[in-house]
Amino acid sequence: MSTAKRHIANLRDEYAEMTRQRIVAAFVETLEDEAADDISMAAVAKRAKVAERTIYRHFKTRAELFAAAGEWIEDNVFSYIPFTSPDELPEIFRKLCKRFDRHPHLARAIAMTRAGRRVRAGFRRHLIDQHRKAMAPLVQHLPAKEVRQAEALASYLNNVLAWNAMREDFGMSSAEIADAIEWALTTLLKDVRQRDAAAARSGKAGKSPRKRATIRERTGVE
């Protein structure tokens with residue numbers, strides 16, 4: 001390929017990526033403004049200033065667009081905060097509450113609408129995996145049922161759903177919500193540690209972490 005042709009190809013790729021990002025941003029803006037259970041591709045196209053068929057040129061299915069929107073939101077709006085210990089979760093949630101406050105309509109949309117739940121599915125799976133890894137050192141001697149309960153509770157508390165429910169149902173400020181979640185998480189983690197220590201002393205330990213991981217990989221359940 002000649003230098004001129006390579007330059008043209010690069011410009012074409014760059015323009016295509018810019019168009020793709022404009023479509024994703026338009027989708028997120030539409031979700032935030034309308035907070036509807038379903039998002040019209042015509043509305044997204046109008047906001048992105050492209051033809052509707054252009055959307056499907058860049059995203060073969062709605063699922064692809066939803067996944068891209070989820071990644072965009074995670075990267076540009078609510079920003080995933082890495083953690084290695086569940087003890088870090090209260091402070092992480094406090095930071096997330098401030099971000100939810102800056103985009104309350106979008107936060108509510110991804111929590112409550114059908115379209116929003118599909119958008120956040122990808123990064124929720126990622127977050128759940130991180131919760132599972134962070135909780136692992138605390139639950140080494142617990143039976144699988146209690147491990148699953150602890151993981152589920154920690155994951156649910158560190159969640160936009162909790163922020164939205166307390167905000168709408170109880171009129172709580174983000175600071176009050178963060179305080180409540182910190183209380184709940186601290187209580188949960190203290191109880192988990194006590195249960196795990198008791199299980200270790202009694203010798204009635206559950207499956208080892210390695211065995212639980214193997215079972216999960218093979219069957220998808222514990």
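Visitor: What share of the contacts with a separation of 6 or more comes from residues 24 or more positions apart?

Guide: First, a caveat: this is a predicted model, in which local features need pLDDT of at least 70 and side-chain atom pairs count only at pLDDT 80 or more, while totals for chains, interfaces and linings use all residues. Residues are numbered from 1 along each chain as its sequence is written, and side-chain values use heavy atoms, with hydrogens and water left out. Contact here means heavy atoms within 4.5 Å. Among the protein's contacts with a separation of 6 or more, the share from residues 24 or more positions apart is 71%.

Visitor: How are α6 and α9 oriented to each other?

Guide: Helix α6 (residues 104-112) packs on helix α9 (residues 160-170) at about 110°, with axes 9 Å apart. Those axes are lines fitted to C-alpha atoms over the stretch in contact, and angles run from 0 to 180 degrees between N-to-C directions. Under 35 degrees counts as roughly parallel, over 145 as roughly antiparallel, 65 to 115 as roughly perpendicular and the rest as oblique. That's why α6 and α9 come out as roughly perpendicular.

Visitor: Which residues of α9 does α6 meet?

Guide: On the α6 side, the residues are Pro104, Ala107, Arg108, Ile110, Ala111 and Met112. Their partners in α9 are Val160, Leu161, Trp163, Asn164, Arg167 and Glu168.

Visitor: Is Ser174 buried or exposed?

Guide: Ser174 sits in helix α10 (residues 174-202). Buried means under 20% relative accessible area, exposed over 50%, and partly exposed in between, using a 1.4 Å probe and protein chains only. At 12%, Ser174 is therefore buried.

Visitor: Which side chain does the Ser174 side chain make a polar contact with?

Guide: A polar contact is a pair of N or O atoms within 3.5 Å; within protein, one must be able to donate a hydrogen and the other to accept it, and residues adjacent in sequence count only if both atoms are side-chain atoms. The Ser174 side chain also reaches the backbone oxygen of Cys97 at 3.5 Å. Its side-chain partner, at 3.2 Å, is Trp163.

Technical notes
Helices (H or I, at least four residues) and strands (E, at least two) are DSSP runs, numbered from the N terminus.
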